Amino acid sequence: MSADQRRSWILTGAIVACVTALYVPCVQRAVPGGDSGELITTACELGVAHPPGYPLFTLLARLTMCCLPSLSPAHSVNLMSSLLGAAASGALCATVCTLAGPGPGAVLAGGLFAVTRLSWQWSMMAEVFTMNNLFVGLLFFLTAGFHSAENATQRRKIAHWGALCCGLGLCNQHTLVLYVLVIIPWVLYRLHSHRELSLCGLVSLGACFLGGFLPYIYLPISSYLNMARWSWGDQTTLSGLLTHLLRAEYGTFSLAKTDSSVNLSTMLQAQLDHCVADLSPPVLVLAGMGLLLSSWERTCCSTSWLLTTMLLVYSLFFAWRANLDIRRPLLLGVVERFWLQSDAAVCVLAGLGLSWTHTGLERRLGHGGVWKTTGWVLTMCLLAHMVHSNHRECDQSRNTVVERFGRELLASFPADSIILTRGDLPGNSLRYLHYCQGIRPDVRLVDQEMMTYTWYVAKLGQHHPGVHFPGCWWDPAFPEGKDTFNLEQFLFHNTQRQPVFACIGLPDGDPSWERSFTHWPLGVCDYLVPAQKQFDPEEWAHRTRNIYNWSEPHNSFHSGSWERVANEEMWQARMKTAFFLFDLAERMQGGGNARLLALSYTLYREIVEAYSDYPPNWDKNLALACERLLRSGHQGFSPDSLLTCSAQHFTLYLEKEHTDPQAPAIRSAITHLLKERDRLRQRQRQTP
């Protein structure tokens with residue numbers, strides 16, 4: 001091993017050690033939001049994750065749980081992700097060391113990628129993106145090693161490792177295929193140009209590539225055994241396996257099962273804005289210099305252009321196929337995770353740019369020590385600035401919001417409940433706590449979306465004792481079809497034996513349940529009961545008052561985070577019973593609604609007065625409750641106080657929501673209320 005190689009490995013090891021030391025204290029100890037809860041639950045149960053299955057991540061996560069039994073499943077898998085993220089930064093550092101030698105450029109590439117907001121943030125939780133980052137880094141490193149190989153034996157060895165790495169990487173994240181499709185022709189061309197390409201060599205490389213797909217054998221095995229209480233799909237048949245691998249249930253080459261689309265230029269502009277904001281303009285300048293200076297560095301020119309081609313192909317294809325509305329902060333957060341793959345290429349180009357700038361200046365102007373010191377100072381300043389800027393947001397060590405959200409929900413249900421989950425937030429958090437932590441073993445979790453698949457009812461129905469499915473699958477669009485059932489039938493067969501709840505809400509496509517059932521609010525969820533069941537408003541108000549022990553301040557999380565969604569759900573849950581009573585009173589025919597309006601007003605006022613900062617719609621709802629109660633005869637409440645309260649909270653609402661399209665009508669109502677109050681006070685003064 002040469003001195004440069006030894007320094008390269010020392011530098012790479014130092015980067016991995018430093019990033020690990022930075023990451024580990026910041027790792028989230030509880031279950032995160034998004035897909036993390038499902039991925040951890042899948043590993044706990046040894047089931048199959050959502051398409052394309054992520055077998056490598058699942059098996060490694062389960063191994064980590066076994067190796068760290070003293071930690072919770074969520075903490076151990078989150079920790080695993082942080083270590084994968086640290087290894088990814090080391091691979092990027094090693095890439096630049098191979099192409100340009102050890103130095104500040106290599107540290108910049110590895111360190112910069114580690115401390116950018118996106119990379120740091122997603123390395124703190126159980127997600128497949130950190131493993132994808134590692135495979136991207138390994139592909140870059142092997143590409144650099146293949147380019148720098150001195151003889152046929154080295155090239156052949158690296159090519160085989162690269163083929164295996166490509167296959168393994170595609171067992172994790174399919175977006176890697178866009179890099180693989182660029183690398184493979186380049187490698188074959190290089191082998192051909194050295195007269196080292198043969199049929200036997202192609203077969204050997206193909207065998208290594210296919211060998212990387214061996215973890216996918218886990219999917220049909222897990223599906224056949226059907227031991228997991230949570231698993232996705234039926235991979236016991238070839239068509240079922242291909243459906244899962246190709247993400248046919250989501251839409252192959254699409255992010256979600258939706259017909260919406262985003263303009264290509266809009267998506268590219270969003271990615272560019274991310275690069276400027278998160279990677280910083282100096283880094284983009286260095287990346288451009290890396291590409292420009294590669295023209296003078298003939299030995300590495302093809303590698304730089306290869307990285308650039310991979311970056312452009314990936315960015316254009318992803319922008320074309322990303323079919324989520326990034327105007328919504330939460331969906332932007334879903335999309336931006338996929339930019340990590342292109343960020344890695346930018347960081348390597350920036351590292352090469354710094355290294356080749358230093359080399360060029362030294363070659364033309366001398367004073368090598370000065371330029372090298374300047375490079376180190378620039379690198380340390382950039383990294384220190386990014387650590388300082390991102391540490392507070394990326395430190396998730398005390399973040400337990402999503403887990404506490406799930407715990408509060410589970411604690412609110414009566415014994416032996418059936419819980420119909422909807423969406424990632426309640427579904428994944430409840431699944432993790434129920435299956436991995438063993439919390440509330442008496443309840444049964446049924447995923448609303450999963451009931452629309454035949455494999456869910458057929459395979460997982462046996463893991464739900466006490467839950468009766470009156471058909472092969474739930475078809476909201478055509479519930480009268482053969483072997484299907486609607487929600488009304490499902491409730492008929494289950495509500496007679498145990499309470500059934502829906503979290504969060506029910507889909508609009510199947511209104512059949514409204515014929516025979518109604519819903520009563522229970523915090524975030526709804527209690528589904530037969531329509532003829534007697535409703536006692538006072539008793540229900542007492543039961544749902546302070547149903548959750550939730551202390552997070554309103555509006556206290558980033559708008560694109562799952563913590564923000566969980567917190568908003570908890571805050572709005574405080575108002576749900578009051579709103580339900582108000583709505584029930586509004587729908588009552590004739591008189592008799594004054595009792596409901598009085599109780600609704602009392603609950604609204606009690607909640608609003610308990611907090612200084614709360615959602616803007618609370619003011620509007622309280623103002624409406626005051627106005628309706630006044631109109632119904634004010635039920636012993638002072639008309640003056642009701643008029644004052646209504647005008648005051650309508651005004652507060654407009655101060656917070658300037659853009660409400662009903663603002664003119666609300667201002668007119670405020671004027672009318674104040675006039676009525678003045679007339680009332682004038683009559684009271686005139687009365688002896």
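The exercises below work through this predicted model.

**Exercise 1.** Work out how helices H3 and H7 are oriented towards each other, and which residues meet.

*Solution.* 
- Step 1: Find H3 at residues 55-67 and H7 at residues 128-148; their axes lie 10 Å apart, at an angle of about 110°.
- Step 2: Angles of 65 to 115 degrees count as roughly perpendicular, so H3 and H7 are roughly perpendicular to each other.
- Step 3: On the H3 side, pick out Leu 56, Phe 57 and Leu 60; they meet Val 128, Met 131 and Phe 135 of H7.
- Step 4: Sort this contact by class, and you get six nonpolar residues, no polar and no charged ones.

**Exercise 2.** Classify two of the structure's 31 aromatic pairs as stacked or edge-to-face.

*Solution.* 
- Step 1: Take Phe 501 and Tyr 527, with centres 4.8 Å apart and 20° between the planes: that's a stacked pair.
- Step 2: Now try Trp 520 and Trp 540, at 5.3 Å centre to centre and 70° between the planes, which is edge-to-face.
- Step 3: Trp 520 belongs to strand E6 and Trp 540 to helix H23, 20 residues apart. Trp 520 and Trp 540 are both buried too.

**Exercise 3.** Find which rings Arg 431 and Arg 574 lie over.

*Solution.* 
- Step 1: Arg 431 has its charged end over the ring of Trp 230, 3.9 Å from the centre.
- Step 2: Arg 574 lies over the face of Trp 571, 4.5 Å from the ring centre.

How values were computed:
Residues numbered from 1 in each chain as written. Predicted model: local features only at pLDDT ≥ 70, side-chain atom pairs only at ≥ 80, totals over all residues. Heavy atoms only, no water. Axes fitted to C-alpha atoms, helices over the stretch in contact; angles between N-to-C directions. Helix = DSSP H or I, 4+ residues; strand = E, 2+ residues; numbered from the N terminus. Parallel < 35°, antiparallel > 145°, perpendicular 65-115°, else oblique. Contact = heavy atoms within 4.5 Å. Nonpolar A, V, L, I, M, F, W, Y, C, P; charged D, E, K, R; others polar. Phe/Tyr/Trp six-rings, centres within 6.5 Å; stacked < 30°, edge-to-face > 60°. Buried < 20%, exposed > 50% of the residue type's maximum accessible area, 1.4 Å probe, protein only. Lys NZ or Arg CZ within 6 Å of the ring centre and 35° of its normal.
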